Amino acid sequence: MTVLVGKTGADDVVVRGARVLDPVSGVDGLLDVRVDRGVIAELRTHVDTNEHRVIDGDGLVLAPAFVDPHVHLRTPGREDEETIASGTAAAAAGGYCAILAMPNTDPVVDCADVLRGLRARAADEAEVAVGFAAAITVGQEGEHLTEMGELADAGAAAFTDDGRPVASAGMMRRALQYNAITERPLAVHAEESTLTRGGHVHAGTVAAELGLGGWPALGESLAVARDLALAADARRPIHLMHLSARESVELLQRAQSARVDATAEVTPHHLCLTDDAIRTLDPNLKMNPPVRADEHRQALIAALRSGDIAAIATDHAPHAREEKDVPFEAAPFGVTGLETAFGALYTHLVEPGLLPLETLLERMSAGPAAIFGLERPRIEVGAPANFVLIDLRSRWRVRADRFRSRSANSWLLGRHLTSRIVLTMAAGRVAFDA
Amino acid sequence: MNELHVIPGELRPPRPRERRHLLSVADLSRDDVERLLSSARSFARSQERDTKKLPTLRGRLVVNLFYESSTRTSSSFEIAAKRLSADVLNVKAVGSSADKGESLKDTALTLSAYGPDVIVVRHPQVGAPHLVARVSDSHVVNAGDGKHQHPTQALLDLYTMSEELGRLEGLHVAIVGDVLHSRVARSLVQALRLVGASVVLVGPPTLVPAGLADASHDIESVGAADVVYVLRMQRERMDEDGHVPSLREYSARWGITPERVRPGQRVMHPGPMNRGVEIDGRVADAGCSLVVDQVRSGLVVRMAVLYDLLTAGPVAVEAAVAVA
């Protein structure tokens, strides 16, 4: 069963003269791309237009579209913050052709009926393909395993209690063992709650100065150590979500060296920001886990470059305006990210020379696709058209009124970004056209 | 006080005009502090006269928006505004629309509709005055936000030290007690550093966070200080969080008793005091205690802050006082 659902298309398009860049397929050159009925039909220096729509790719980069393994679509329950339609439109605008939605909704995606309902809606509404992750425990309460077998049969893309940890080591161990009957990834939100309770920001000098409760790096790495040990013992794969701490990265690398099947993702905000930014007390800088001191950021960038962290995930977490228009201390955790991820990372990592463009493209597409067992978006003849056109020279200001997302709680509001998504083709159709 | 804006321009929507706020000591320069203390001295002289009211801020409106209980701070802001002839509106969370669940943003917008010149905000959550500053067109003064900042307290403490000891540069101050939960300590550490004084934080390891200033867990380290600044132990926090095993053990180890005060040292406390817990009653009432001076300083320093925000800045305060 395919875990992804969404609109598909059979568009006819020719893109002329773009720099076609698919690092995994080994393509890098000024080429024309012809898409016949949603499938890449030709890839060479000059193709016939066949009366297709022609897009001038001069000066643009054409790359595999992105895959985001960590998105909160807030549906069901908080459709005022995001819907399947708005969240996937935001994804398309950000260059994504596939996303995974987290199950911490109201109700929680913990039974097959809720999951089937979401998948049926997504088939009609989703601008790009969506996979729905299901909960590990009923209600994400950490007490009883969900019916993972039935959920997998109904199309669960992964299992996670994201938003909170599986507090009990015994329960986590059982989940790892039982999940052997499905072929779906188990993804964990690593947090030792007794160390993070009352925490708002990274426990460090900035928290001490601002008088805000600290969420220490150890609050994550202690849980990472536990879950890696459990995965090693159970001989099962494990995926670590939104890593934020240097110590977590070191534990991941040690486990990988010991042949534990462990993977990880990192968010644009943890790669671009440090806790210094929090001094403004802008509630759009509050997220869980929090952004940390520069040594942590540097460790995350290095691990992303080396591939030990193989995926970039936005952890796109929409919040209603009134929820964030409160004092920093009262604000909920979470920031949006789908529409700014590439721009933020290009501006803050590629331009300053911290990460090659090819690596960024791989970690936003092939990397997460491989971890979650999804088909890799690729620029090859015969592949479905899942690609993005990017203008790397364009400079723009992030504005609240320009988002496709229903929410605008972005940490980038008012800031300038270099590079802009011009067009996204997802599942053979033009899903976004600037 | 051109440095007073806290939120860098990029992160907030454009505003038609520049407004100055007092949100954090971190936004003040040494010149700002010296100017404010100098204004406070002039206002102190004006308060020695029979007629204490000055016409300086006649026709201006000051709103005191208090979401936490307060005696000293709210009364001194009120008197300060009245002594400068401003109109004053006191709004307390209890008995206001906040009781009915109105958000801070909406309360701030509502009060802003009256066109107040200054909104003084006290709130239990970090960042509350910053939110008010974002949504209203008034000058905002932070009168305490959570465990973050209480800048007028730090200024009145500097004023008290400077009046009593004749200088600030080179002073050595020991801040004793629950630094972790104290906005007073956070503001004062920054303020003392700004004027060239040195600080040591003294208290239990669980209540003295790393990274703020030199720290010691040994009460003996107050011996070298010119000023022993005693923080309030918040009893309610001890029960909830268990940062120290008991108040009894705290008092025995870190309580300021007459035996622990060296002749010549001054003792300060922001109030309200827990006599017998962090400070021995005999110390609180002794000649070395500046607790009442601090309250008196609070009035003139808050007059100086209101005056400074509502006038263009370093205008000679003598002129304003002379009008009276």
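1. A word on angles before we start: axes are lines fitted to C-alpha atoms, for helices over the stretch in contact, and angles run from 0 to 180 degrees between N-to-C directions. With that in hand, look at helix H2 (residues 72-83) of chain B and helix H10 of chain B, which pack at an angle of about 55° with their axes 8 Å apart. Please keep in mind throughout that this is a predicted model.

2. The crossing of H2(B) past H10(B) is right-handed. From H2(B), the contact is made by B:Arg72, B:Ser76, B:Phe77, B:Ile79, B:Ala80, B:Ala81 and B:Arg83. Facing them from H10(B) are B:Val295, B:Gly298, B:Leu299, B:Arg302, B:Met303 and B:Leu306. Sorted by class, this helix contact has 8 nonpolar, 2 polar and 3 charged residues.

3. Now step back to chain B as a whole. Chain B is divided into domain 1, made of 9-150 + 298-313, and domain 2, made of 152-295. Between the C-alpha centres of domain 1 of chain B and domain 2 of chain B there are 26 Å. Their contact takes 22 residues from domain 1 of chain B and 21 residues from domain 2 of chain B.

4. Which elements supply the domain 1 side of this contact? Helix H1 (30-46), strand S4 (139-145) and helix H10 (291-310) of chain B each supply at least two residues of the side that touches domain 2 of chain B. H1(B) gives the most, with 5 residues. By class, that side of domain 1 of chain B divides into 11 nonpolar, 6 polar and 5 charged residues.

5. B:Asn64 stands opposite B:Asn90 in S2(B).

6. Where the two chains meet, the contact takes 20 residues from chain A and 23 residues from chain B. On the side of chain A that touches chain B, helix H6 (residues 205-210) of chain A gives the most, with 4 residues. That side of chain A has 9 nonpolar, 5 polar and 6 charged residues.

7. Chain A has an open sheet of 4 strands too, in the order S10-S13-S14-S15 and with parallel pairing. Strand S10 (187-188) and strand S15 (311-312) of chain A form the edges, and each pairs on one side only. S10(A) is joined by 2 bridges to strand S13 (residues 238-240) of chain A, running parallel. The bridge partner of A:Val188 in S13(A) is A:Leu240. Helix H7 (residues 217-234) of chain A packs on this sheet, touching S10, S13 and strand S14 (262-266) of chain A. The direction of H7(A) makes about 165° with that of S13(A).

8. Other strands of chain A run antiparallel. Strand S5 (residues 61-64) of chain A is joined by 4 bridges to strand S16 (residues 387-397) of chain A, in antiparallel fashion. Here A:Pro64 stands opposite A:Phe387 in S16(A). S16(A) is also joined by 8 bridges to strand S17 (residues 416-426) of chain A, again antiparallel. In that pair, A:Arg397 stands opposite A:His416 in S17(A).

9. Finally, some backbone details to check in chain A. The peptide bond from A:Thr75 to A:Pro76 is cis, with omega near 5°, and A:Pro76 is found in the loop between strand S6 (66-71) and helix H1 (84-93) of chain A. The bond from A:Asn288 to A:Pro289 is cis as well, with omega near -5°. A:Pro289 lies in the loop between helix H9 (268-272) and helix H10 (294-306) of chain A. Within strand S17 of chain A you will find A:Ser419, which has a positive phi of about 95° although it is not a glycine.

Terms used:
Residues numbered from 1 in each chain as written. Chains lettered and ligands numbered in written order. Predicted model: local features only at pLDDT ≥ 70, side-chain atom pairs only at ≥ 80, totals over all residues. Domains from an automatic or database assignment. Contact = placed C-beta atoms within 7 Å. Nonpolar A, V, L, I, M, F, W, Y, C, P; charged D, E, K, R; others polar. Pairing = 2+ DSSP bridges. Left-handed = near helix turned anticlockwise from the far one by under 90°.
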